[in-house]
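Student: I have this model open and want to go through it piece by piece. Can we start with one of the sheets?
Tutor: Fine, here it is.

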Amino acid sequence: MNIPLSAQWIDASDEAAVLSVLRSSHLSLGPRIPEFEASLASVAGTAHAVAVNSGTSALHLIVRALGLGRGDEVITTPFSFIASANCLLFEGVRPVFVDIRDDTCNIDTTRIEGAITPRTRAILAVDAFGQPAELDTLREIARRHRLSFIEDSCEALGSEWKGRRCGGWGDAGAFAFYPNKQITTGEGGCIVTNSDELARLCHSMRNQGRGETDDWLGHERLGYNYRISDINCALGSSQLQRLDSIIERRAQVAAWYNVRLNRVHGVIIPWIAPDVTRMSWFVYVVRLAGWFSMEDRELIIDRLAELGVQTRRYFTPIHLQRFYVKEFGYAPGSFPVTERVARRTIALPFFTTMTEEQVNYVVESLDTVLAGFAEDYGRQSIR
Ligand SMILES: *Cc1c(COP(=O)(O)O)cnc(C)c1O
């Protein structure tokens, strides 16, 4: 059996939605963009959504719209996809990393105030793997220190913390729609915000800095071409209509994994905080027990691949990516919790249409591979 790490779910209504745009007069800047944005705003519970061509573009526009730039510092997590820190580098902002909690893999809110300096302008939190960060606490810290609060919810569309949706807690939030995310537009992303001003600026900057008038060649500010097409938005709207069932199906896949993996010796299943009132799973990431080395993990990944099971190390800490080391001088040991977690995590195959049979095969394969290690090293045998 061959099981990919991820797979999109495209159905007949998605195909029909895309086809109808292809047969219309507007492939871009047409009616599908505001339609998609209205649905996204309702998913986040915000006043506005501005759709763009990627999650990275969404984060970049938020940073610019908040006026962050050279000399400023923003507090964020090193355990994330690279874009959540790169969006700061684009504008010459210094990312100030704060280590994560071992249990949730999200930023450790007890360490944030120790990292605030006179140059700190914002907190940029990430809802890692779909699990919300401690959003009420983060918002409170940001308020107390008069900082902006940015939520990178690119992995958490539809998740809730204490009964409120991710994306809408801060000054602005970002979602992303690459094919491995909960819903896809092929490529795409969006900004959600309750601020009229931020929404207006993001609208303008995604479209070459144009103003609200019809003057196609009038540009009021530095802008970009971060537009998303109506083709992408039609797909996104169609997918968004199924969001509830997508979230339910992914929760079912996660539940199958949880039950079966609890019986496998040597893996630790994800822990979800009780304040997460709705979990929209992005990826399913397990940890290997402490006795496995980093070399063991490489072998485990290779042996699973030989059995047809695709897995991935998730994440490589941002501060240890080569160009961050070069630019900021980070060394191993800078953020010990992040590094310890990152050495032991493996993302297992996980997607909306995954069957119970596929989950069984992944778990059996993992059990077999880990049992092989127990024999190799004379460790306590499995079960
Ligand atoms: C997916 C993702 C993004 C944005 O990715 P794009 O590929 O640019 O759409 C940003 N941050 C995090 C944490 C992500 O997982």
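Tutor: E160 stands opposite R278 in β11. This is a predicted model, in which local features need pLDDT of at least 70 and side-chain atom pairs count only at pLDDT 80 or more, while totals for chains, interfaces and linings use all residues. Residues are numbered from 1 along each chain as its sequence is written, and side-chain values use heavy atoms, with hydrogens and water left out.

Student: How many bridges join β6 to β11?
Tutor: Two, and the strands run antiparallel; β6 covers residues 160-161. Strands here are DSSP runs of E with at least two residues, helices are runs of H or I with at least four, and both are numbered from the N terminus. Two strands pair if DSSP finds at least two bridges between them.

Student: Which order do the strands of that open sheet come in?
Tutor: The order is β7-β6-β11, with antiparallel pairing. β7 (164-165) and β11 (276-278) each have a single partner strand, so one side of each has no neighbour in the sheet.

Student: Other sheet now. What is the order with β12 in it?
Tutor: It is β10-β12-β13, an open sheet of three strands with antiparallel pairing. The edges are β10 (267-268) and β13 (345-348); each has a single partner strand, so one side of each is left without a neighbour in the sheet. In the pairing of β10 with β12 (residues 284-288), there are two bridges, and I268 stands opposite R287.

Student: Which helix lies across β10, β12 and β13?
Tutor: Helix α8 (residues 243-261), running at about 20° to β12. Helix α9 (residues 294-306) also packs on the sheet, where it touches β12 and β13 and makes about 15° with the direction of β13. For those angles, axes are lines fitted to C-alpha atoms, for helices over the stretch in contact, and angles run from 0 to 180 degrees between N-to-C directions.

Student: Which residues have the most contacts inside the largest nonpolar core?
Tutor: L138, Y257, L261, Y284, I300 and L348, in a core of 52 residues. A nonpolar core is a set of buried Ala, Val, Leu, Ile, Met, Phe, Trp, Tyr and Cys residues joined through side-chain atoms within 4.5 Å. Buried means under 20% relative accessible area, exposed means over 50%, and partly exposed is in between, using a 1.4 Å probe and protein chains only.

Student: And which element gives the largest share of this core?
Tutor: α12, with seven residues.

Student: What does Y257 touch?
Tutor: Not counting residues up to four places away in sequence, Y257 touches Y284, L348, P349, F350, M354, V359, V362 and V363. Contact means heavy atoms within 4.5 Å.

Student: Changing topic: how many residues of helix α3 are buried?
Tutor: Nine of its 11, so the helix (residues 55-65) is mostly covered. Among the buried ones are L59, H60 and L61. The cover includes β1 (48-52), α4 (83-89) and α6 (196-206).

Student: What caps the N-terminal end of α3?
Tutor: S54, with a side-chain oxygen 3.2 Å from the backbone nitrogen of T56. After α3 comes G67, whose phi is positive, near 75°.

Student: Last one: is S238 buried or exposed?
Tutor: Buried, because its relative accessibility is 9%. S238 lies in helix α7 (residues 230-240) and touches S13, D14 and A17, leaving out residues up to four places away in sequence. Its C-alpha atom is 9.2 Å from that of A16, 222 residues apart along the chain.

Conventions: Polar contact = N/O pair within 3.5 Å; in protein donor to acceptor, adjacent residues only side chain to side chain.
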